[in-house]
Amino acid sequence: MDLFNNEPGTGKPKAGAGTAPLAARMRPQKLDQIAGQEHILGENMLLRRAIEADRLSSIILYGPPGCGKTTLAEVIAKTTDRRFERTSGVLANVAILRKLLEGAVHWKKMKGQDTILFIDEIHRFNKSQQDILLPFVENGDIVMIGATTHNPFFFINTPLNSRSQIFQLQPLTEKSIIQVLRRALTAPTGLNGLVDADEEALSHLAAVCEGDARRALNALEIAALTTPPLENGIVHLTRHEIEESVQKKAVNYDHDEDEHYDTISAFIKSVRGSDPNAAVYWLAKMLYAGEDPRFIARRLIILASEDIGNADPRGLTLAVSAMQAVEFIGMPEARITLSQATTYLACAPKSNAAYLAINEALSDVEHGRTLPVPKHLQSGPKPDKGSRKYDYAHANEDHFVDQEYVPSDKIYYEPTTQGYEETIRKRIEHWNALRKKSREQ
């Protein structure tokens with residue numbers, strides 16, 4: 001079998017051979033062939049049980065490109081032996097949608113077979129188009145499977161969401177993509193053993209494709225078709241050919257070992273050390289190597305409280321907003337948001353006073369005597385509460401009153417002179433002066 005349709009004696013692919021793309025040929029036909037997604041397709045998981053029992057209701061599959069949304073929809077149709085119709089939020093207008101829906105109703109009456117209507121990019125439907133689906137979904141005339149790369153809670157109206165189960169698909173792990181690539185190298189419908197590849201080449205391809213199996217298979221096919229075979233007729237792929245096929249240089253970066261931890265450590269310490277240039281470089285390295293941008297955003301949120309704190313309270317607000325933006329827009333645009341947050345936090349005044357305060361207080365709670373709540377601060381009437389009453393701070397001058405809030409004089413929070421903490425420090429000094437004056441009277 002010659003998968004490349006070579007010209008006789010040339011070893012080169014024949015132009016216009018018309019062979020289906022490798023990614024299409026390697027599309028799984030059974031549930032067990034689907035890579036990844038164990039959180040919804042593993043043994044005894046809800047979606048798998050519903051598919052195998054043929055008790056599936058309308059669902060929305062939400063996840064990044066290349067994670068298997070279309071593949072899963074097709075496998076569901078094959079597994080449940082239902083008629084399969086597909087359309088797209090880009091192509092289907094109201095008339096096309098009505099025709100598909102009415103056709104499904106007619107087919108069910110004539111043949112007694114349910115129809116799965118797969119709608120790719122369902123988020124592109126406007127409200128009217130989404131509303132047309134509602135009665136057909138609600139009455140069970142169709143089993144709708146919507147696929148979207150956008151958060152359905154933002155882009156799909158509430159009535160349609162409430163009538164569907166939403167399953168979030170994750171980007172494929174590097175391990176899963178390597179499994180897909182190995183299968184493609186040997187499968188008769190794939191490259192049929194006419195191509196082999198170094199482990200380093202497969203690992204690099206799995207890393208740079210960022211969880212997108214389709215992209216990985218397309219790159220493997222390009223590399224295979226453009227690399228001359230050896231004397232034995234086998235095409236051998238090294239990291240060099242893979243780099244050429246994806247136009248992306250390999251970076252020494254692993255996702256769960258030393259390089260991962262070393263790079264994020266350098267990134268955090270550069271922000272803490274107020275070096276925006278170094279911080280952006282380490283950010284770029286992580287993004288280029290395929291690091292999860294949400295992981296980076298989470299670390300920035302921690303840093304905003306631990307290393308900046310009240311020296312610039314806007315730092316935490318910006319970091320949380322960056323996390324939300326990264327979740328909302330995804331890569332590659334999220335790189336801009338992460339760069340903004342990184343450079344702002346690197347240039348912000350620094351203080352770890354809040355971090356030190358909670359650590360010291362937790363240590364005292366863990367290792368010391370648990371202090372009682374002063375009676376005048378307790379909630380509700382109690383027989384032994386005593387005669388001393390809680391003094392409402394807002395009823396006093398400067399909205400401040402000298403009274404005991406904890407039976408201890410220990411200082412936990414000591415604001416620095418950095419940024420806004422200088423203002424906080426002066427405010428606390430003013431309150432201490434009022435306390436002293438009150439006690440001298």
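Which residues make the nonpolar surface patch of about 320 Å²?

Mentor: The model is predicted, so read everything below as computed from it. The patch is made by F154, F328 and I329. F328 sits in helix 16, which covers residues 314–329. Its relative accessibility is 45%, so F328 counts as partly exposed. The cut-off for exposed is over 50%.

Stay on helix 16. E327 also lies in this helix, and its side chain meets that of R294 in a salt bridge, at 3.9 Å from N to O. R294 belongs to helix 15 (residues 293–308), so the pair ties together parts that are 33 residues apart in sequence. Both partners are partly exposed: E327 has 37% relative accessibility, and R294 has 23%. A search of the whole structure finds 25 salt bridges.

Now follow the chain out of helix 16. The loop between helix 16 and helix 17 (334–347) holds P332. A cis peptide bond joins M331 to P332, with omega at about 10 degrees.

Next, helix 8 (residues 158–162). N161 lies in this helix. With 10% relative accessibility, N161 counts as buried. Set aside its neighbours within four places in sequence, and N161 is in contact with I60, P152, F153, I156 and I166.

On to the strands. Strand 1 (residues 59–62) and strand 4 run parallel, joined by four bridges. Within this pairing, I59 stands opposite I145 of strand 4. Strand 3 (residues 115–120) also runs parallel to strand 4, with five bridges between them. There D120 stands opposite A147.

How enclosed is strand 4? Six of the six residues in strand 4 (residues 143–148) are buried, so the rest of the structure largely encloses this strand. In a regular strand, side chains alternate between the two faces of the sheet. Here V143, I145 and A147 point one way from strand 4. M144, G146 and T148 point the other way. Each of these residues is buried.

Strand 3, helix 6 (residues 127–138) and strand 4 make a right-handed β-α-β unit. E121 is in the loop between strand 3 and helix 6. Its phi is near 55 degrees, a positive value in a residue other than glycine. E121 is partly exposed, at 25% relative accessible area.

N44 is another residue to check. Its phi is near 70 degrees, again positive in a residue other than glycine. N44 lies in the loop between helix 2 (38–41) and helix 3 (46–52). With 61% relative accessible area, N44 is exposed.

R48 is buried, at 7% relative accessible area, whereas E43 is exposed, at 62%.

K426 and E422 form a salt bridge, with the closest N and O atoms 3.7 Å apart. The two are four residues apart in this helix, which means about one helical turn separates them. K426 counts as exposed at 51%, and E422 as partly exposed at 27%. Elsewhere, salt bridges that share partners join D32, E43, R48 and E52 into one network.

Technical notes:
Residues numbered from 1 in each chain as written. Predicted model: local features only at pLDDT ≥ 70, side-chain atom pairs only at ≥ 80, totals over all residues. Heavy atoms only, no water. Patch = residues over 30% accessible without salt bridge, like charges linked within 9 Å, V, L, I, M, F, W, Y side chains within 5 Å. Areas by Shrake-Rupley, 256 points an atom, 1.4 Å probe, with all protein chains shown as cover. Salt bridge = Lys/Arg side-chain N within 4 Å of Asp/Glu carboxyl O. Buried < 20%, exposed > 50% of the residue type's maximum accessible area, 1.4 Å probe, protein only. Pairing = 2+ DSSP bridges. Right-handed = clockwise from strand over helix to strand, strands pointing away. Contact = heavy atoms within 4.5 Å.
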